[in-house]
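Student: I'd like to learn how to read a protein model, one feature at a time. Can we go through this one together?

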Amino acid sequence: TENLHKYEKFIMLFKKEYDENLLLDTRPYLGVSETLKQLVTRGDKLAIATNKRQAATLKLINHYGWHDYFQWIACTDEKIHEIRNKNKLVTFFIKNNPEFSNAYFVGDTENDGSAATHNKLKFIKVKYGYGKNQNWINFDIYNSINNFNELININ
């Protein structure tokens, strides 16, 4: 508690260091670029709803040349009040893009499972990433994948 006054400055300095020096060290999972291209080529429509910061998310997507694969990219730090958490972010998106109301929701955390359930979407659990050790018992899991490229085979 004696260093609580340094918290905001630490957060600001961390984000600056990450954005300027570490962000592009983030490597995509194996096969992501090829899989995105295959999904879009076969006619799938893709969107991103993430808790990650918008500036960092867009910088990575542009760095890897993925921007044209997605019809919508949204982050919970955007300035629109309705989308301050992932459930509301997805609800906002579906309300404005009803063609996604029967979409699959791919995610790796309980927060993703909750957003899928809340919005009545088929949830595909990613068995790698942040959520591999989370408690999935309360979620309706439509399918699970071990590798990103397995998305191609899900019907």
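Student: Let's start with the strands: which residue in E5 does Phe 123 stand opposite?

Tutor: Phe 123 stands opposite Ile 141 in E5. Before we go on, this is a predicted model, where local features need pLDDT of at least 70, side-chain atom pairs count only at pLDDT 80 or more, and totals for chains, interfaces and linings use all residues. Residues are numbered from 1 along each chain as its sequence is written, and side-chain values use heavy atoms, with hydrogens and water left out.

Student: What do labels like E5 stand for, and what counts as pairing?

Tutor: Helices (H or I, at least four residues) and strands (E, at least two) are DSSP runs, numbered from the N terminus. Two strands pair if DSSP finds at least two bridges between them. Here, E4 and E5 pair in the parallel sense over four bridges.

Student: Which strand is joined to E4 by the parallel bridges of E3?

Tutor: You've named both already: E3 is joined to strand E4 (residues 122–126) by four bridges, and the two run parallel. Look at Val 106, which stands opposite Ile 124 in E4. For Gly 107, the bridge partner in E4 is Lys 125.

Student: What kind of unit do E3, H5 and E4 make?

Tutor: They make a right-handed β-α-β unit, with helix H5 (residues 110–118) as the helix. To judge the hand, point the strands away from you: the crossover is right-handed if the path from the first strand over the helix to the second runs clockwise.

Student: How do I tell what is buried and what is exposed?

Tutor: Buried means under 20% relative accessible area, exposed over 50%, and partly exposed in between (1.4 Å probe, protein chains only). Take E4: four of its five residues are buried, so the strand is largely enclosed by the rest of the structure.

Student: Where does Tyr 104 sit, and how is it classed?

Tutor: Tyr 104 is in strand E3 (residues 104–107). Its relative accessibility is 34%, so Tyr 104 counts as partly exposed. Together with Val 106 and Tyr 142, Tyr 104 makes a nonpolar surface patch of about 250 Å². Patches are made of residues with over 30% relative accessible area and no salt bridge; like charges are joined within 9 Å, nonpolar side chains (Val, Leu, Ile, Met, Phe, Trp, Tyr) within 5 Å. The areas come from the Shrake-Rupley method with a 1.4 Å probe, and for residues only the protein chains shown count as cover.

Student: How many salt bridges does the structure hold?

Tutor: The structure holds four. A salt bridge is a side-chain nitrogen of Lys or Arg within 4 Å of a carboxyl oxygen of Asp or Glu. One of them joins Glu 20 to Lys 16, with the closest N and O atoms 2.8 Å apart. Glu 20 and Lys 16 are four residues apart in helix H1 (residues 7–22), so about one helical turn separates them. Glu 20 is exposed at 51%, while Lys 16 is partly exposed at 44%.

Student: Which salt-bridge partner does Lys 86 have?

Tutor: Lys 86 meets Asp 112, at 2.4 Å from N to O. Lys 86 lies in helix H4 (residues 86–96) and Asp 112 in helix H5, so this pair ties together parts that are 26 residues apart in sequence. Both Lys 86 and Asp 112 are buried.

Student: Which residues does Ile 154 contact?

Tutor: Contact means heavy atoms within 4.5 Å. Leaving aside neighbours within four places in sequence, Ile 154 is in contact with Arg 42, Tyr 104, Ile 124, Tyr 142, Asn 143 and Ile 145. Ile 154 sits in the segment after strand E5 (141–145) and is buried, at 9% relative accessible area.

Student: What about Thr 35: buried or exposed?

Tutor: Thr 35 is buried, with a relative accessible area of 1%. This residue lies in helix H2 (residues 32–41), and its contacts beyond four places in sequence are Phe 148, Asn 149, Leu 151 and Ile 152.
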